[in-house]
Every structure is written in structure tokens, then in C-alpha cells.
Amino acid sequence: MSDPTPTAMKETLPGPKVPPPSKPKPPPSNDPSKESSSPPKKPGPQPSKSFFRSLQLVSRRLECMLQISSRCSHALQRIYIQERQYCMKMLQSLVKDREEVKGFFARGAEFANAEPVSSAWKTTDQFLEIQLKDRMKFAGDVIQKVVQPLQKWIVEANKKHRSLNFQQKAWKRELHQNEDDIIAQREACRDLLESCHRAQIDEKKKKDEDTEQGGISFFSKLSMGVAELYRGSLPELHRKVQICIHQYISKVGSSNKRIEKYLKLDLIRVCHEYRNLAVTTAANLKTFLGSYHQLHAESKNKSLHAEKYGKFLESMQASGGLVAAIKKAEEEHKKTLVKVLKEERYIYELPVTFEEVKRSIYSKKGPKPVGVPRTPSLFSSTLDQIIKVQRENKALPAVQRKMRIPTPMDALIILIKKLNGLKTEGIFRVSAGERDLDAMKHTLDRGFITGKYKFFTNSPHVPAVMLKRWLRSLKVTLIPAGMYREAMSLMDGDTSKPSAEKIDEVGKFVAKLPQTHRDVLKTLVAFAHEIDFHSAENRMNLSNLAVVLGPCVIQNPNPNVQQLVNDARASGSFTLLLLHSLKPPAPSAPPPLPSGSPVTEKKEGVTETKENVQPTPEASKEQGGENAAE
């Protein structure tokens with residue numbers, strides 16, 4: 001079943017969009033444990049999509065208005081501060097000129113016409129002083145009555161806007177945490193149900209053998225004892241699964257209530273806050289604009305920049321469209337709220353209900369007929385088994401069924417590239433957290449069946465380590481045990497600089513591998529060369545990659561504790577020989593992702609791989625004469 005992720009939450013998250021999951025229409029029952037566990041149907045177009053886009057646009061428009069207002073106030077402040085400083089310098093210059101003029105007239109007292117000249121100078125001096133003082137007063141009034149109050153209000157408005165954004169991000173983090181908790185508890189319940197089901201089968205088998213044969217064989221006792229020691233007894237598992245399902249039901253109910261509160265109350269309150277902020281912005285701009293025009297009209301020294309900034313501030317009043325947009329979005333949201341609540345709520349997604357678990361019913365699937373093998377897992381299986389399941393799985397798209405390598409390997413390689421793993425220092429060498437690896441293992445198991453990979457990681461080291469673990473978990477390594485000695489016989493001479501003859505020998509050796517092993521090996525070698533292309537940044541050249549990938553490629557079928565170091569060196573040397581011998585043509589630029597490969601999108605720690613996967617290109621020649629140029 002698909003992950004029950006609320007679309008309303010995903011639409012409001014920053015970053016790339018994550019496609020909404022498939023959800024069925026919930027039944028009218030109030031008990032989530034009694035809801036239908038049938039596969040959910042894909043919902044239609046989300047009616048709340050335009051509402052969240054409107055909120056984002058409103059937030060950006062408000063932020064833009066506040067930024068423009070701030071720049072305008074700073075520009076006015078600089079202009080009128082410079083105006084006031086200029087007038088002060090001119091007044092100081094007038095004082096100096098007066099002293100010089102007094103000395104001039106004192107020296108020229110013998111002139112009969114000195115009095116008219118002195119009178120004219122005094123009149124001019126007084127006129128200039130009055131003009132400069134008027135300009136200083138106007139500049140000071142603009143700074144005191146317009147600029148400073150405007151800047152103070154802009155600071156408060158920005159704080160309010162940032163507070164609203166921070167509050168929304170906190171809600172989104174809470175909703176994401178609820179989603180992660182539900183997914184984790186659901187998977188834990190499924191694992192416990194599977195363990196209970198197997199323990200129940202073992203108990204039944206034990207009773208049947210005891211009845212038919214008069215006793216249980218030693219090997220049956222041993223195997224059942226080991227299994228019980230590993231997973232626990234049936235009564236203990238029964239108690240654990242009841243507790244786990246009860247917690248899961250409680251979490252589903254509390255998360256549904258939180259989503260309802262988020263859609264009904266929180267988002268409506270954000271709309272009101274945005275609308276109040278927009279109205280306050282328009283009112284304050286209008287007030288400051290009126291004060292500016294009044295000062296400008298009262299001033300006797302009208303300037304061109306005053307008129308230009310007056311028109312500019314006047315254009316900032318046009319926020320009526322913003323308020324109307326908020327109101328319209330809010331009304332549309334209220335109309336579709338009931339439908340959105342039905343589609344966004346979580347549902348109970350376990351195969352059995354809580355009441356059935358109380359009656360010791362852990363699975364609704366009947367026991368498999370004797371002799372029918374269980375579907376192989378992605379881990380601890382052979383490549384041939386994995387490819388067979390992949391080709392026979394009708395739930396996968398046709399392009400994925402035709403791929404010549406397992407789709408999880410292709411998804412992991414593309415995820416490493418999308419997370420900039422090619423340029424990450426220590427890729428394939430740095431370890432990753434066990435919790436992240438366990439989560440990715442569950443994702444790969446589900447994606448191998450459904451064709452959709454939803455990864456919850458932002459670190460390229462997690463898929464890199466998982467790729468190594470998957471290769472090492474294969475029952476048959478890329479170089480089968482029967483070809484180990486032949487592989488070791490190729491390592492005579494320098495493996496880092498193989499000759500043309502050695503390359504031809506390696507090509508013939510690789511041609512003997514099974515088809516699936518050959519395809520996976522060539523894909524791995526090609527990816528290793530892409531990493532080596534960026535070795536200046538990631539510090540992982542072919543020699544370093546050979547050391548870490550060696551145990552994934554070849555292993556000694558008869559390991560000896562005293563020879564572990566030598567075996568590790570041998571696997572690294574042989575892998576280095578393969579990397580140099582199967583070297584693809586060197587690209588002039590970083591190779592692009594293949595067309596139609598699984599597309600990964602990141603969203604606050606979330607990476608989802610879609611199902612449009614392109615099959616791996618087939619090798620041009622696969623006959624016995626295949627060489628390393630391929």
C-alpha cells in the first residue's frame with residue numbers, strides 16, 4: 001500500500017514537489033482499526049492546490065512590498081541626510097565669508113560708495129541663510145516624521161512576516177514528523193505480524209509432527225529453537241504486536257486530528273494575519289505618503305526628487321488586489337474544506353484489524369502449498385532470481401521489466417548522482433547510520449515490487465553504502481565462486497597498467513560470466529569511472545574504489561581467518577584490473593543522467609524516484625570475443 005502522506009502538508013513544503021500518495025475514500029466507521037485494508041485508489045486533482053499556491057504568492061508579495069518600502073525609506077534617508085549636511089557646510093561657509101567681507105570693508109572705508117555695496121551683501125547673505133535653513137528644516141522634518149517612523153514600522157512588519165513563516169515551517173515539521181512516525185510504526189507492526197504468522201506456522205508444524213510421527217526430530221527442534229531464539233516466543237510476539245498496533249491506531253487518530261486543526265484553524269488564521277498585515281501596510285504607506293506630501297507642499301524649496309518619490313510611494317498603496325486575493329483564496333478553501341479533509345486523513349493500512357489480532361489472526365493469506373518456493377527477497381538472493389521476479393512482476397511498468405539490471409541498483413546510482421555524490425569526498429568509503437540504512441532497505445524492498453522508490457535521506461553516503469551491502473548480500477557474487485581461481489590467475493604483472501594482451505584476456509574472462517552478472521558488473525565499472533572523473537574533488541580514484549568495491553565483486557569461496565588480509569588485497573587488485581580493463585570511453589564532460597531514468601526529487605530530506613525508468617543499453621557484442629573496449 002502507498003504511504004498515507006497528507007497532500008495538504010506536502011503542497012506547503014519548500015523545495016521540489018512530491019507527488020501525492022494514493023489514498024482510498026475512508027469508510028464511515030469511527031474506528032480506524034476496522035477500516036478497509038484494500039488497496040487505495042488514486043485520488044483525483046487536489047482542490048486545495050490553488051489555495052496553498054495563493055498563500056505562497058501572498059507571502060512573496062508582502063515580502064516584496066516590505067523590501068521595496070525599506071529600500072525607499074533608506075533612499076530618502078540618504079538623500080535628506082546629505083541635503084542637511086550640505087546646508088550645514090554652506091552655512092559654515094557663509095560665516096567664514098562674513099568675516100572676510102568685514103575685513104574687506106574695513107580696509108576699503110575710504111571709498112565713498114562702500115555703504116550700498118555692504119547693504120547689498122548683507123541682503124544676499126540673509127537670503128542665502130534663510131534658504132539654507134528652510135532646506136535643513138525640510139530635510140530634518142522628512143527624516144523625523146517620515147523616514148524614521150517608516151523604518152520603525154517596516155522592522156515590526158518584517159518581524160511579523162518572519163514570525164508567520166516560522167510558524168508555518170514549524171507546523172510542516174510537525175506534520176512531517178507525524179508522517180514519519182506513522183510509517184515507522186506501520187512497518188514495525190507489519191514485521192511483528194509476519195513474525196507472529198511464522199511462529200504460528202512453526203507451532204502448528206510442531207504439533208503435526210508430534211501427532212503424526214510420535215515425536216519431533218532433533219533437527220526440527222534445533223531449527224525451531226533457533227528461530228524462536230531469534231524472533232521470540234509466540235506469546236511474547238502476540239503481546240508486542242498488540243501494543244504496537246494500539247500505538248499505531250492512536251498515532252493515526254492524533255495525526256488526523258492535527259491535520260484537521262491545520263486545515264480548519266491554522267491556515268485560516270494565517271490568512272487573517274496576512275490580510276491584516278497587507279491592510280496595515282497599505283494604511284501606513286498612505287499615512288507616511290500624506291505626511292511627505294504635506295511637508296513637501298509646505299516647503300518653499302520644492303525639489304524634483306521629492307515629486308518622483310511621492311509618485312513612487314503612491315504606487316505602493318495599490319495593495320487592494322492583495323487583500324482581495326487573500327479573501328478569494330480563503331473562500332475557495334472553505335468551500336473545498338470538507339472534501340480535502342476526507343482525502344487527506346490517514347487510514348489504517350495493516351492486513352488485519354486489532355480485533356483479529358486479539359483472536360490470534362495475523363494474516364489473511366492462506367499457507368502456501370508444499371513445494372512452492374517463497375518469493376525471493378531483494379537481499380540474500382541471486383541476480384538471476386531477482387531479474388526473474390522483476391520480469392514477471394506485472395505491477396512494474398514495461399520499461400522496468402525489460403531492464404537488464406535490477407531496478408534498485410539503477411535507483412541507488414541515480415540517487416547518488418542527484419545528491420551530488422560524484423563530488424562528495426569519500427563516497428563509497430564513508431559509512432552511514434544504521435537507522436538510515438534500515439529505512440532505505442525497506443524502501444528498496446517496497447520499490448522492487450511497486451516500481452516507486454521514496455527515499456528519506458539527503459546524504460549520498462547512505463545509498464552508496466546500501467549499494468555495497470546489497471552486492472555483498474547476493475548469494476552468488478558478481479564473480480562466481482567457481483571462477484575464483486581463474487580470476488586470481490589473471491593477476492600477474494601490474495594490475496594498474498594492464499597490457500593489451502591482458503585486457504584481451506580479461507575481456508574473454510568477463511564474457512564467460514552469466515549474462516546478468518556481466519550487465520551488473522559493467523554498470524558498476526561505468527559508475528566507478530564516473531566517480532573517478534571527479535577524483536580531484538571526491539578523493540576516490542580507481543585504486544581507492546577498487547579497495548572498497550573489491551569484496552562486492554569477488555570473494556574467496558574458502559576463506560581462512562589467517563588469510564583475510566591477503567584475500568582483501570587480492571580482491572582489491574583484481575577489481576582494479578577489471579576497472580582498468582573494462583574502462584569505457586573517457587567523457588569530455590560529466591556524463592548526463594540517462595533519459596527516462598528514475599527521476600529523483602528532494603523535499604526537506606525526502607527524495608522520490610518515479611517509475612519512468614529507461615532500460616539499460618544492451619552491450620553491442622556479447623560473444624566470446626567480447627573485449628574490454630565495451
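**Exercise 1. Find what share of the protein chain's residues count as buried, and how its contacts span the sequence.**

Solution. Start with burial: 44% of the 630 residues in the protein chain count as buried. Keep in mind that this is a predicted model. Next, take the contacts between residues at least 6 apart in sequence; 80% of them join residues at least 24 apart. For the secondary structure, count 19 helices and three strands. Finish with the surface: the accessible area is about 33,900 Å², and carbon and sulfur atoms account for 54% of it.

**Exercise 2. Identify the residues that touch the most other members of the largest nonpolar core.**

Solution. This core has 64 residues, and those with the most contacts to other members are Phe 428, Leu 444, Trp 470, Leu 471, Ile 479 and Leu 521. Now zoom in on Leu 444. Leaving out residues up to four places away in sequence, Leu 444 touches Leu 378, Phe 379, Pro 408, Leu 412, Tyr 453, Phe 455 and Met 466. Apart from this core lies another, of 58 residues, including Leu 62, Leu 175, Cys 189 and Tyr 248.

**Exercise 3. Work out why the buried residues of helix α9 line one face.**

Solution. First, list the buried residues of α9 (residues 383-392): Leu 383, Ile 386, Ile 387, Val 389 and Gln 390. Then look down the axis: these buried residues fall within an arc of 160 degrees, so they line one face of the helix. Turned away from the buried side are the exposed Lys 388 and Glu 392. Last, find the packing partners of the buried residues: α10 (398-401), α11 (407-418), α12 (434-450), α13 (461-473) and α16 (515-533).

Conventions:
Residues are numbered from 1 along each chain as its sequence is written. This is a predicted model: local features need pLDDT of at least 70, side-chain atom pairs count only at pLDDT 80 or more; totals for chains, interfaces and linings use all residues. Side-chain values use heavy atoms; hydrogens and water are left out. Helices (H or I, at least four residues) and strands (E, at least two) are DSSP runs, numbered from the N terminus. Buried means under 20% relative accessible area, exposed over 50%, partly exposed in between (1.4 Å probe, protein chains only). Contact means heavy atoms within 4.5 Å. Accessible areas come from the Shrake-Rupley method with a 1.4 Å probe; for residues, only the protein chains shown count as cover. A nonpolar core is a set of buried Ala, Val, Leu, Ile, Met, Phe, Trp, Tyr and Cys residues joined through side-chain atoms within 4.5 Å. The arc is that of the directions from the helix axis to the C-beta atoms.
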